[in-house]
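Here are a few friendly notes to read alongside the model. Have a look at the structure first, then go through the points in order.

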Amino acid sequence: MMLASPPAPSRLTVNGASILADVSGAALIEACGSLVVADLHFEKGSAFAERGVLLPPYDTRTTLRRLGEVIARLKPARVIALGDSFHDLRADGRMDEGDARSLQGLVGSVAEWVWIEGNHDPVPPARFGGTVLAELKTGPLTLRHEPRAGAYAGELAGHLHPCAKVRQKGRSVRRRAFLSDGSRLILPAFGAYTGGLNARDAAFAECFERTPDAWMLGRERVYRVAGAKLLGD
């Protein structure tokens, strides 16, 4: 029996640094072996349930499973979570204890884990371990949660949950996507219940002088699409 090949990441360069854009939505900074994920939004489902919007309460478990799979596959020395890892400041209290143990196990499975402060979680829970930072600099890159307006070479950020839309064989396809112009990179949201903002939205115009290229997440690979070919919603 032939074993399925692992999904192949797509390599891109951001401010001179080589980065692998993985089909999971995570990025690997090759020089330092750091796996970067954005907007995990643990316990978003339970937050909605508190407001009477009933969703299946398994988003945290699904996100943890996907995160564990990519850590096992890419074997990073460090994991950097780019903010909004927890949907709100009460997410820790709503988390199932089995899920909490799984998260603690993931944090302990790598040599270093960094939580970047987000607008949803300016104070990530301490019990899971790891280091909390406002931002992190590594080589030519600066990692933070919310992208700054205007030019900022080397910035890796999340917050905006980018998606890209194209027309293919007579139908439109919309997927989560990495967005980059070679100078900076905005990562797609990794969480199971996170939506997406179209790459043509005005919010991205504050970060890029032109429509950035997209690395769209397919089922088995990442597809690069030139910014000029991207469609609005």
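**Notes on the predicted model**

1. As general background, nonpolar side chains in soluble globular proteins tend to be buried together.

2. Next, the helix pair. Helix H2 (residues 59-74) and helix H4 (residues 97-108) have axes that come within 10 Å and cross at roughly 20 degrees. Angles under 35 degrees count as roughly parallel, and H2 and H4 are therefore roughly parallel to each other. The crossing of H2 past H4 is left-handed.

3. Which residues does H2 bring to its meeting with H4? From H2 come Thr 60, Arg 61, Leu 64, Leu 67, Gly 68 and Ile 71, and they meet Asp 99, Ser 102, Leu 103 and Leu 106 in H4. By type, the residues of this contact divide into five nonpolar, three polar and two charged.

4. Is Gly 16 buried or exposed? Its relative accessibility is 66%, so Gly 16 counts as exposed. Gly 16 and Leu 156 are 140 residues apart along the chain, and their C-alpha atoms are separated by 13 Å.

5. Two backbone angles deserve a check. Most residues other than glycine have a negative phi. Asp 84, however, has a positive phi, near 50 degrees. Asp 84 sits in the loop between E5 and helix H3 (91-94), and because its relative accessibility is 2%, Asp 84 counts as buried.

6. The other angle belongs to His 159, a residue other than glycine whose phi is positive, near 75 degrees. His 159 is found in the loop between strand E10 (155-157) and strand E11 (162-168). With a relative accessibility of 22%, His 159 counts as partly exposed, whereas Asp 84 counts as buried.

Definitions and conventions: Residues numbered from 1 in each chain as written. Predicted model: local features only at pLDDT ≥ 70, side-chain atom pairs only at ≥ 80, totals over all residues. Heavy atoms only, no water. Axes fitted to C-alpha atoms, helices over the stretch in contact; angles between N-to-C directions. Helix = DSSP H or I, 4+ residues; strand = E, 2+ residues; numbered from the N terminus. Parallel < 35°, antiparallel > 145°, perpendicular 65-115°, else oblique. Left-handed = near helix turned anticlockwise from the far one by under 90°. Contact = heavy atoms within 4.5 Å. Nonpolar A, V, L, I, M, F, W, Y, C, P; charged D, E, K, R; others polar. Buried < 20%, exposed > 50% of the residue type's maximum accessible area, 1.4 Å probe, protein only.
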